[in-house]
Amino acid sequence: MEMGLYIERWWNKYVGGTDDTCSLIDYLTDRGFRHGMPVEIQLKTILQDFQLTATREMEDIRQTTDVYYAFGEGFRLDIHCAINLLMDVAAILLECQKNGQIRVMDLDNTHKEEAAIITIKAEQEDVMLLKNWMADFIQQPLRYDLAEFCSEEEMREIATQCQAIVAELTIGEERRYE
């Protein structure tokens, strides 16, 4: 079955489909959904919930230091490669900018809950923060811990895909829903 996502050309190639993607999807589905009503999530909230704020050192992003989502009593979803999480968030944000919302089951076909629809809203400074982190990866992909698992050629291909996604992300009033 064809997903019909704007981000389909990237999703589950290098973007999406990682253990960190599963953690992000678990995070996104940890909300009260009502049938047909998208749940609005702020980009800033997602970043903060995973301990990713403007005060983080770039090296913490490159080598994934203390990136996790804490929930309940002492439970947490650890992120193994922060750049995987950031790539996924950027792609999902782009999907929401283009189509206004996204069904979680389109991101991961193991989630069959049709009511799980989200929309990510973003302030200009939060999009710029995300774009800046992604720009560092695009320019220096081999400095990231993901390079321990991928060849140099794969890392350069991932960076190329990220560059395409980041180039399409809009900021503030430029945002348009088609």
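Strand 1 (residues 39–42) and strand 5 (residues 117–121) run parallel and are joined by four bridges; strands here are DSSP runs (E) of at least two residues and helices are runs (H or I) of at least four, both numbered from the N terminus, and two strands pair if DSSP finds at least two bridges between them. Within this pairing, Ile 41 has Ile 120 of strand 5 as its bridge partner. You are looking at a predicted model, in which local features need pLDDT of at least 70 and side-chain atom pairs count only at pLDDT 80 or more, while totals for chains, interfaces and linings use all residues. Residues are numbered from 1 along each chain as its sequence is written, and side-chain values use heavy atoms, with hydrogens and water left out.

Strand 5 has another neighbour to visit. Strand 4 (residues 102–103) runs antiparallel to strand 5, and two bridges join them; here Ile 102 has Ile 118 as its bridge partner. Four of the five residues of strand 5 are buried, so this strand is largely enclosed by the rest of the structure. Buried means under 20% relative accessible area, exposed means over 50%, and partly exposed lies in between (1.4 Å probe, protein chains only).

Now turn to the aromatic rings. A search of the whole structure finds six aromatic pairs. Rings of Phe, Tyr and Trp (its six-membered ring) pair if their centres lie within 6.5 Å; planes under 30 degrees apart count as stacked, over 60 as edge-to-face and the rest as tilted. The centres of the Phe 50 and Tyr 69 rings are 5.8 Å apart and their planes meet at 40°, so this pair is tilted. The pair links distant parts of the chain, 19 residues apart: Phe 50 is in the loop between helix 2 (43–49) and helix 3 (58–62), and Tyr 69 is in strand 2 (residues 68–71).

The charged end of Arg 76 sits over the ring of Tyr 68, 3.8 Å from its centre, and that of Arg 9 sits over the ring of Tyr 6 at 4.6 Å. For this, NZ of Lys or CZ of Arg must be within 6 Å of the ring centre and within 35 degrees of the ring normal.

Finally, what about the cysteines? The whole structure has zero disulfides, a disulfide being a pair of cysteine sulfur atoms within 2.5 Å. For Cys 81, the nearest cysteine sulfur is that of Cys 150, 8.0 Å away. Cys 81 is buried, with a relative accessible area of 4%.
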